[in-house]
Structure formats: structure tokens, C-alpha cells
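Biologist: Could you take me through one part of this model up close, the place where the strands pair and the rings meet? I'd like it as one connected story.

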Amino acid sequence: SKTMNPSSRVALKPCPVCGGKADWMERDGATGTQYFVECQPNESLYGCVRQSVTYATKREAIADWNVRA
């Protein structure tokens with residue numbers, strides 16, 4: 001299952017594809033918790049639901065997303 005932390009205080013850049021809001025997510029994987037960043041849909045723009053690859057730490061996932069953006 002995947003969960004999102006909507007109260008994340010880490011600044012994420014907008015989606016590099018559609019400009020939508022992004023948030024970090026986590027899910028249980030075979031090797032433990034995996035972290036990734038995903039574009040979130042909103043009312044005015046459906047969002048492309050672009051997703052980063054998974055990482056072992058939240059910091060790595062966010063850093064990768066922000067470099068791409």
C-alpha cells in the first residue's frame with residue numbers, strides 16, 4: 001500500500017511535465033520502505049501523475065525530483 005504525508009515541510013518543485021503540485025509518497029516494498037515523488041491531480045488540471053523512481057530515503061527521492069524539475 002502507498003501512503004502520502006500531506007504535511008510534508010520539504011519544498012518540492014512543481015512537476016517538470018505539467019507544472020502540477022508534487023508530494024512525496026512512501027510504500028512498503030520487498031526490501032523495506034520505498035520513497036518516491038508523484039505529481040498530484042487538482043481541480044483545474046488533472047495532473048499527469050508523473051512519478052519518480054523509488055529510493056531508500058525520502059531525501060534521495062526529493063533531491064532527484066527537484067533536480068529533474
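Modeller: Two strands pair if DSSP finds at least two bridges between them, a strand being a DSSP run of E of at least two residues, numbered from the N terminus. Before we go in: this is a predicted model, where local features need pLDDT of at least 70 and side-chain atom pairs pLDDT 80 or more, while totals for chains, interfaces and linings use all residues. Numbering runs from 1 along each chain as its sequence is written, and side-chain values use heavy atoms, with hydrogens and water left out.

Okay, the hairpin: β2 and β3 form it with two residues between them. The two strands run antiparallel and are joined by eight bridges, and Gly 29 stands opposite Gly 32 in β3.

Now the rings. There's one aromatic pair here (ring centres within 6.5 Å, using the six-membered ring of Trp; planes under 30 degrees apart are stacked, over 60 edge-to-face, the rest tilted). Trp 24 and Tyr 35 make a tilted one, 6.0 Å centre to centre with 45° between the planes. Trp 24 lies in β2 (residues 22-29) and Tyr 35 in β3 (residues 32-39), so the pair ties together parts eleven residues apart in sequence.

Both Trp 24 and Tyr 35 are buried (under 20% relative accessible area with a 1.4 Å probe, protein chains only; over 50% is exposed, in between partly exposed). Met 25, also in β2, counts as buried at 5% relative accessibility. From Met 25 to Tyr 35 is 5.7 Å, C-alpha to C-alpha, though they're ten residues apart in sequence. As for β3, six of its eight residues are buried.

Key:
Helices (H or I, at least four residues) and strands (E, at least two) are DSSP runs, numbered from the N terminus.
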